[in-house]
Structure formats: C-alpha cells, structure tokens
Amino acid sequence: MHNGPITAVIPNISGEKVFTGGYDSNIYQWDLSRNNPILVGTHNHLINSITLSNNNKFLASSSSDYTIKLFDTTNNHLTKTFIGHSDDVEDITFSEDDAYLISTSRDHRCLVWDIASGAIINQFQHHEKDVLSVWVYKERAFTAGDDGKVFVWNFITNKLIKELGPFNYEVDTVGGSKERGLFALGADDGSVHLYDANTYQFIDKFKAHQQGVKQVTFSPSGNLLLTAGYDHKINIWNVDDIQKTKELSPYIYQWERCLNWTHDERYIIGASFGKTFCKWDVNTGRVIDNDLELATPSINDLSVSMLGDIATASDDGKFRVNGEVISEKNHVLTNSVCTTDDGTFIVWGNHAGEVYLFDRVSESVKKKFELNTGPINVSYFCASDNNFYVGTYGGYVHIINLVSMKEVNRWKAQEGAIKSLTVDDENIVTVSADATIHIFDKSNISDVTVFVGPNAIINDIHLIEDKKQLIVVSRDKFVRIFDLLTGKIIIQHNKHRYSIKSITQNKSGQVISGDYWGYIVIWDLEKDTISDPFRIGTNGISALESKGENVFASSYDGAIYSIGKSGEVSELIRIFTQHPEKIEQN
C-alpha cells in the first residue's frame, strides 16, 4: 500500500487492473476491489501523473524528479526513462498511435518524445507559467496551465493552431472525448468551458463548483462529464444539456486532483490521501467501502507553543500534540495548525474548508467553523488582538476571535490561493500562488499595498518585526528579504537546488529554509555565510518554526526534526515512516 497521498489513478480497459502513483514515489498495480497490490516501480520523488497507452501495453509516469518512466504492463518492467525537463513533470499522455509521449511541466514547456528512441522531437514553449494538463486528439495537443492560457498545437510539426483565452484565472485541467469530438476546461474560478475539438468553437460555460475545478473527465461513451472541485464536491453532468445528473457522496479521504471512469462506466475511481484509491458506484453515487481509512499521517504543518508542545497537521486529519492523538473529531486532511502562545487553544484547518478550535484544558473541540472558501492553507495567531487569521485556497482571509469564538471578518485578499500569511500590530501580509505579496493595513483592510519580485508560486513568508522586513521563499528557488515599507528587495540567495517550501528565523538571526526534497539551508546574515544544502528528511520540509535558538521542522516523511544553531539535527517525533529503505540507507 501507499505511504502517502495518491496523486494519480487509472484503470485498464478490461477493468481488471488499476494503477496508482503517489507522494511516496511508488507506482502500484491493484485489482478493482483494491486487493493484491503489486509494486510496479518507483521514482526519486513524488509522482504527479500516470497514463496507459491506448493498447494498454505500456504505463507512463511523470514525476517531480523531473523524469518520465515507461513500464511494460505485461511484466511491470521498466523499459525506458525519459530525461529532459528541468522542473516537475505535471502531466503526460500518449499519442493515439502510441508512438509519442506528450508531457507538461513546471519548467513552462511541453515536450514531445519519440517512444522508440527516447529522444525529444519537439518542445512547445508558448506557455508563460507552469503547464499542468494535456489532452491529445488526433495529431493535436491541448495544453493548459497557470498562465490562464489554453493552446491547441500540432505535436508533430510543433505549430500553434489556436489560442483560447487568456482567461482571468488559472486553468488546471483539460480533458476531452474522442467519441464526441469535445473537450472541456476546468478553471480556478469554479467554471467549466466546453468546446468543439474539431473547430475549437466555444459551446457552453457553466458554474460547476464554488471553488477551483481540479479535474474534468468524460465518460468512455462521451455522454457524461465528471467534474471535481476544491469545494469538496464531485459532480456528473449530462453532456447534451449540461444538466447535473448526480453528485457523488462526499468522502473524507477523496482528493479531487485525479478521478477516472472504469471502461464500463459502472465505477469512478479516484485519488486519496493514502494507502489505496477511492471508489464510487456511478448508479447510486455512493462510496464503496466508506469505512476504509485511506490516509497516512504525513505531516503538512506544525505549531510550537512556548511550553515546547508541538501540534501537527497531517494527511489523516487526526489532531496530534507531541505525536499523540488528542482528538479524532476530524478525519479530513489538515493542511494547517496553529497554537496560542501558551498552548491552551489550537486551531486545525482542513481540506474541506473547515476550522476546528480545540481547547487543551477541556480536551475538546469548542467550535467548528465552516468557512466555505476552499481548503484551509494557513493559520496564524496574533496575541495582541487574540485573533486567529486563516488563509484559504479561494484567496480569502478569515479572522476568528478567540474571546467571542466567532468569525469577525473575511475578505477576498488575493485572486490566487493564499499560501502563507503573517500578522503584526499594524499589518496583515499574505502571499499567493500568483507570486504577489499583499500588505493590508489592520485598521483599514481596503488599504492594500502589492509587492512583486518572485517569478513563481510563493510558498512561505516570515516577518522580521523589529526591522520591518519580510523573508519570502518561492518555487523559483530564491530566498529574498524585502523591505516591508518600500517593497525593495534588500538581499537574496539561490543556494537551494530545489523549490523552497518553508522559511523561518531563529533568535540569533539565522534564516533557515527548507525545500521539497528535504534539504535545509542556513543563512547567517550577521556573519554573511550561507551553508550548502544538507538533507534532514526523506521527503519535503513542509513547515519550519523557531523557538529561541531552536528551529523545528516538519516533513512529509512523517517526522519532526530539531535544527540547532550550528546545524546539528535530531529527530524529535516520528508519527510514521514513509520511506523505511531511505532511513536505513542514512
């Protein structure tokens, strides 16, 4: 079974086999009943997409290790590795004759590979940001991504045929039906756009979800369209009249990033937060075997009280302090956790857009807030006003007052998902997937200043209050320090080899950053020294927080680490072991 979230799932034509890929870097083969898992192969980092050739003889996988692998499904042997992308390979598909692979990547390129030789025969470079999705029809590729542009291009000649958009929002998914000659786009504003695949003429647009659409996939007949969004809903639509025919039962372990039909259209299978895949009966819309726990405790965030208690947010949604479960009120993945300074109250935010306020004294959930603006990405406690500040995928900031235990304010802070936020006595600072920094005046929320600088998704920030400076890290591998008053970039470094996920600063002023591969860099501003990257985890560093000279790091590998001033590392807590073979090697 998988030791982490499952990102990709696809059945073969006969329905006898299902293949899955996940954050644990593994690819498994299952039967449709989710039994008899067989390890097909591995990557060196998480898997983003898997696809089967049209004749079902080959399986291709794309990964954040920048590679693509090809496996023979008759014996599960690795036949070829394709090297050429310079960032995460997000999606991949076969040409209709199975002679070529077309891949999309966060390096802003789409590559066309000759399968026989393994050579790149074309690279399409019209996208300006991360390219997330591809669908192929005849000799044409349809690609979409974070730039809000959708391109139709001939992957044999590399010629641009048609540009759709630009849209005013990211387009995360494109899918089509060869049987009906149609394709659909799923957008970050919750809308779905339907087009003729032969003429590229617009047919219809409809509001499918309240939050971003993560998946559009036609049934094998082409008569039905499945859409999944970050409003935690999965809907099925009649293609002829665009009427919703069914809403699948919500499942606490569902991950809307990947869902597929079985060839007989009896079942929907989908990604989950660990172990094995989700499964629905199309006729009833119900989850099959909804008592299965489909999540592992990979750690997504941590928060440390002044007493040294460590609260963690994890894929299985269970509330833990110091590695021990203190409540199982929630089983939906939690992305964020934040404790008051004295540790008496903790908030957890989950993938369904809910926030739980937990009282450590009574050991009970005092209140649940249903915010309904997308998954909760970040939370922050400000002691001076007794408020928790919560940022969501929908770009909203919510303020929850600890005294009244009520939501006292909310506003649309950014167009993109809020990835991190921080607060002081005067300002609320948010950063977004659109690579912008927004600074709000606490006394007048409508007064906002916007800074730019990074050229990729900003993942985390840390405020140096006494100097009015902001440390920013992003997918472009830079650590930057901004002047909070002017927006000027004062200093920066790009010592990391991989995209940076987290940032903090210890009492001595050292800046500690962690990346998606588990590496740490220590930047001593006073001594003007920067360490080489050194690895502390077998997966990415999901969060960093400092208390005095010590820095605490959480990892997707299931552990909490302590990093000392001189770079000494110790493992404090291990909730589970995602990569036992890598730990043995270390």
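**View 1. Contacts between domain 1 and domain 2 in the predicted model.** Seven residues of domain 1 touch eight residues of domain 2. In the chain, domain 1 covers residues 46-251 and domain 2 covers residues 298-412. Their centres, taken over C-alpha atoms, are 35 Å apart.

**View 2. The area buried between domain 1 and domain 2.** About 580 Å² is buried between the two domains, and carbon and sulfur atoms account for 59% of this area. On the domain 1 side, the residues that lose the most area to domain 2 are Gln211, Tyr230 and His232. Together these three make up 85% of what the domain 1 side buries.

**View 3. Polar contacts and residue types where domain 1 meets domain 2.** Two residue pairs are in polar contact between domain 1 and domain 2, both at pLDDT 80 or more. The side of domain 1 that touches domain 2 consists of one nonpolar, three polar and three charged residues. The count of salt bridges between the two domains is zero.

**View 4. The second largest pocket and the residues closest to its centre.** This pocket holds about 840 Å³ of space. Its lining is made of 38 residues, and those closest to the pocket centre are Lys129, Asp146, Glu170, Ala433 and Asp434.

**View 5. The make-up of the lining of the second largest pocket.** By residue type, the lining has 18 charged, 10 polar and 10 nonpolar residues. Both domains take part in this lining: domain 1 (46-251) supplies at least three residues, and domain 2 (298-412) also supplies at least three.

Conventions:
Residues numbered from 1 in each chain as written. Predicted model: local features only at pLDDT ≥ 70, side-chain atom pairs only at ≥ 80, totals over all residues. Heavy atoms only, no water. Domains from an automatic or database assignment. Contact = heavy atoms within 4.5 Å. Buried area = accessible area lost by both parts, 1.4 Å probe. Salt bridge = Lys/Arg side-chain N within 4 Å of Asp/Glu carboxyl O. Polar contact = N/O pair within 3.5 Å; in protein donor to acceptor, adjacent residues only side chain to side chain. Nonpolar A, V, L, I, M, F, W, Y, C, P; charged D, E, K, R; others polar. 1 Å grid on protein atoms, 1.4 Å probe; cavity = no way out; pocket = protein on both sides within 12 Å on 5 of 7 lines; lining within 4 Å. Points joined across faces, edges and corners; volume = space filled by probe spheres on them.
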